[in-house]
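Here are a few exercises to work through with the model open beside you. Try each task before reading its solution.

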Amino acid sequence: MFFAALFMAFGESWGQAFYNSDSAGDYLRLLAPLVPLTYLDVVVDSLLKGLDEQFNSMKYNFADSFIRVVLVLCFLRFVGMESYVFILFFSTIFNAALSLHRLMKVSCLRISLCRHILLPLGCAVGAVLAAQGAMAWVGEVNGFFRVFLETAVSGVLFAAAYLGLGRLAEPRERVLEKGAAPSK
């Protein structure tokens, strides 16, 4: 989620630094929400393979590839690049959802909306917004040094926020896991 927020906030400077292109930065911003989903899919597929679920992982990946090819053949010619972006979002969500559902079923994994999704998302958004403010004070810095500064400042702020807030939530979660009533 950190890199998705980083690409959303600083896509233009990344596009300029790496590709000398404004449109590359626009695509980085557009495709940024796929970063955590793609990472999730790769990790969950690896975990499924480790749990002897390689056949199900292969089925999901084959279905995803088949759907991508069919959708590209049906829509790309007529609608253009916008349809390809839609296809990427649809197939990535499809594959990640199937794989995650299977992992949760075979491993009894439980996901906390607050702890595993909202906390890192909030910390990432807060960190890059604060870094944007800090970068306004830096002045005119371009290229790879700007990308380095944006990433370093955002990363330090994200790590501090995530680790700090994660530790605050930890004692309450342990109480809830043991079955005791939460203290107020």
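**Exercise 1. Find the handedness of the crossing of helix 3 and helix 4, then describe their contact.**

Step 1. The crossing of helix 3 and helix 4 is left-handed, a term used if the near helix is turned anticlockwise from the far one by less than a right angle (right-handed if clockwise). Helices here are DSSP runs (H or I, at least four residues), numbered from the N terminus.

Step 2. On the helix 3 side, the contact (heavy atoms within 4.5 Å) is made by Asp 41, Asp 45, Leu 48 and Lys 49. Helix 4 brings Gln 54, Ser 57 and Asn 61.

Step 3. Sorted by class, this contact has one nonpolar, three polar and three charged residues. Ala, Val, Leu, Ile, Met, Phe, Trp, Tyr, Cys and Pro count as nonpolar, Asp, Glu, Lys and Arg as charged, and the others, Gly among them, as polar.

**Exercise 2. Decide how far to trust the model, using pLDDT.**

Step 1. This is a predicted model, in which local features need pLDDT of at least 70 and side-chain atom pairs count only at pLDDT 80 or more, while totals for chains, interfaces and linings use all residues. Residues are numbered from 1 along each chain as its sequence is written, and side-chain values use heavy atoms, with hydrogens and water left out.

Step 2. The average pLDDT (the predictor's confidence in each residue, from 0 to 100) of the protein chain is 88, and 91% of the residues score at least 70.

**Exercise 3. Work out whether Leu 103 is buried or exposed, and list what it touches.**

Step 1. Locate Leu 103 in helix 5 (residues 81–107).

Step 2. Leu 103 is buried because its relative accessibility is 5%; buried means under 20% relative accessible area, exposed over 50%, partly exposed in between (1.4 Å probe, protein chains only).

Step 3. Leaving out residues up to four places away in sequence, Leu 103 touches Val 44, Leu 47, Leu 48, Leu 51, Cys 108 and Leu 109.

Technical notes:
Helices (H or I, at least four residues) and strands (E, at least two) are DSSP runs, numbered from the N terminus.
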